[in-house]
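The sequence and the structure come first.

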Amino acid sequence: MKVQSMSSPITPRLPGIRFVHSPGPTHVPDEVMHAMQRPMTDLADPRVGALIAACEKGMKELLNSPASDIFFYASNGHGVWEAASANLGSDQHSLLIAGSGHFSDQWAIQTTGLGLSVIRTPHTEGQQIDVAAIEAALRADTAHNISAVMVVHTDTASGITSDLQAIREAINRTGHPTLYVVDVVASLGAAPFDMDALGADVCLGSSQKGLMMPPGLGFVAVNAKAFAWSKAHAKPRYYWSWLERKTDNQSAKFCGTPPLAHLAGLEVSLGLLKEEGLAAVHARHQRLGAAVRAAVTCWASTGAVKLHCQDPKGFSSSVTAIEVAPGIDPEAMRAVAREKFQVAIAGGLGPLAGRVFRIGHLGDMNEPMILGALAGIEAAMTVQKIPYGPNGMAAAIAYLAQHTR
Ligand SMILES: *Cc1c(COP(=O)(O)O)cnc(C)c1O
């Protein structure tokens with residue numbers, strides 16, 4: 001029988017490496033893959049408890065939040081969105097989900113679907129989260145009905161990273177007792193995030209982006225203030241409940257069987273991040289993102305494409321969204337990039353569907369990988385007769401040559 005796998009989706013097998021440059025899932029390093037292939041064991045095996053403990057400890061270190069509780073879920077990012085909303089929502093309170101792009105919109109839709117009241121702040125395309133709008137909403141809420149301000153650090157749809165510290169300071173200025181919740185799904189491991197120093201009460205993420213793993217493992221980190229609020233006020237919940245999961249019982253921690261393969265992978269991926277050093281990991285992401293923008297800036301000289309992010313403060317080290325001029329079909333170009341040049345990139349989501357393509361540059365990635373991706377995209381744009389400006393590859397190479405590790 002001929003077995004088809006994701007690495008060779010086309011028969012006959014294509015030679016060489018397929019480049020994954022979507023902003024999740026990202027390339028999974030061999031060390032992580034191998035760890036995930038470990039044999040299963042019974043749940044009373046002390047190695048299971050040791051593995052869970054190692055993952056919890058590693059996450060606390062990565063987030064720099066030694067006292068927070070880490071709750072893991074066998075879920076994707078949408079699952080941990082629901083975990084946060086279900087544990088922080090009540091019939092007497094509203095959740096403020098700041099506008100940042102498609103991902104914030106989806107989080108709000110999902111939270112509304114739980115029967116919870118959601119307040120939105122407006123988002124301007126190409127810009128960071130509107131901090132003043134959050135401040136105004138909190139000042140208007142004199143009865144303190146808002147229980148949490150929830151923000152997406154890097155909205156993967158817009159490719160824009162927002163200023164978490166500015167949002168924290170805005171909350172502080174109002175004196176509002178709200179909790180502060182941050183989605184770091186797309187930014188963790190790519191951009192600095194220090195949960196305690198920032199004063200985030202909850203943060204959430206998932207495995208398939210900067211954590212360099214296959215999709216399927218989500219986590220939420222919860223500090224004592226958020227846990228106490230949830231215990232006192234939140235609506236009934238069970239599978240997602242932090243109350244049920246705050247226990248030393250391994251099965252109760254996961255409300256069932258722990259996702260052992262994913263935990264084994266996470267232990268290794270956390271080790272890889274630690275070995276490289278978090279500052280070096282962030283610097284590498286910053287370099288690769290800047291190299292991509294150097295290329296796009298050249299491509300943009302003819303007006304065929306342009307960077308979607310209009311404010312350099314919002315440039316993301318994880319993903320770059322590139323707008324195309326009217327009449328250019330980014331989906332057709334993506335298909336050529338994937339099928340003819342083995343470079344998988346992402347398309348536009350929500351209001352940006354059909355208007356942008358996105359290059360992921362996060363996770364287990366290095367200079368030749370990003371140069372290969374940019375070259376494959378240039379080749380696909382050439383096939384599609386997209387009249388991009390010249391010298392993009394040279395600009396990316398020059399940037400990387402001037403900013404070596
Ligand atoms: C990818 C992503 C999500 C959703 O994750 P899924 O695993 O696709 O459910 C949520 N938030 C952000 C910022 C993301 O990038």
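Predicted model: local features only at pLDDT ≥ 70, side-chain atom pairs only at ≥ 80, totals over all residues.

Serine 94 has its bridge partner in β5, namely isoleucine 146.

**The four-stranded sheet**

Another open sheet has four strands, ordered β11-β12-β15-β14, with antiparallel pairing. Here β11 (305-307) and β14 (346-347) stand at the edges with a single partner strand each, so one side of each has no neighbour in the sheet. The partner of β11 is strand β12 (residues 319-324), and the two pair in the antiparallel sense over three bridges. In one of these pairings, leucine 307 has isoleucine 322 of β12 as its bridge partner.

Helix α12 (residues 278-299) lies across β11, β12 and β15 (356-360). The direction of α12 is at about 140° to β11.

**Helix pairs**

Two packed helices are described by the angle between their axes and the distance between the axes.

| Helix pair | Angle between axes | Distance between axes |
|---|---|---|
| α5 (residues 131-140) and α6 (residues 164-174) | about 25° | 9 Å |
| α13 (residues 330-341) and α14 (residues 367-383) | roughly 120° | within 9 Å |
| α14 and α15 (residues 392-402) | roughly 170° | within 10 Å |

With an angle of about 25°, α5 and α6 are therefore roughly parallel to each other. Their crossing is right-handed. On the α5 side the contact is made by Val131, Ile134, Glu135, Leu138 and Arg139, and on the α6 side by Ala166, Ile167, Ala170, Ile171, Arg173 and Thr174. By class, the residues of this contact are seven nonpolar, one polar and three charged.

The crossing of α13 and α14 is right-handed. Helix α13 contributes Met333, Val336, Ala337 and Phe341, while α14 contributes Gly376, Ile377, Ala379, Ala380, Met381 and Val383. The contact of α13 with α14 has nine nonpolar residues, one polar residue and no charged residues.

Helix α14 also packs with α15, where the axes cross at roughly 170°. The helices α14 and α15 are therefore roughly antiparallel to each other. From α14, the residues Glu367, Ile370, Leu371, Leu374, Ala375 and Glu378 meet Gly392, Met393, Ala396, Ile397 and Leu400 of α15. This contact of α14 with α15 divides into eight nonpolar, one polar and two charged residues.

**Salt bridges**

Side chains of opposite charge can pair when their charged atoms come close. The count of salt bridges in the model comes to 15. In one of the pairs, glutamate 56 forms a salt bridge with lysine 253, and the closest N and O atoms are 2.9 Å apart. This pair links distant parts of the chain, 197 residues apart: glutamate 56 is in helix α2 (residues 46-63) and lysine 253 in helix α10 (residues 250-253).

**Backbone details**

Two loop residues have backbone geometry to note. Where is proline 25 placed? Proline 25 is in the loop between β1 (19-20) and α1 (30-36). A cis peptide bond joins glycine 24 to proline 25, with omega at about 0°.

Cysteine 255 has a positive phi of about 50°, although the residue is not a glycine. Its place is in the loop between α10 and α11 (260-276). Helix α10 is also the helix that holds lysine 253, the partner of glutamate 56 described above.

Conventions. Residues numbered from 1 in each chain as written. Heavy atoms only, no water. Pairing = 2+ DSSP bridges. Contact = heavy atoms within 4.5 Å. Axes fitted to C-alpha atoms, helices over the stretch in contact; angles between N-to-C directions. Parallel < 35°, antiparallel > 145°, perpendicular 65-115°, else oblique. Left-handed = near helix turned anticlockwise from the far one by under 90°. Nonpolar A, V, L, I, M, F, W, Y, C, P; charged D, E, K, R; others polar. Salt bridge = Lys/Arg side-chain N within 4 Å of Asp/Glu carboxyl O.
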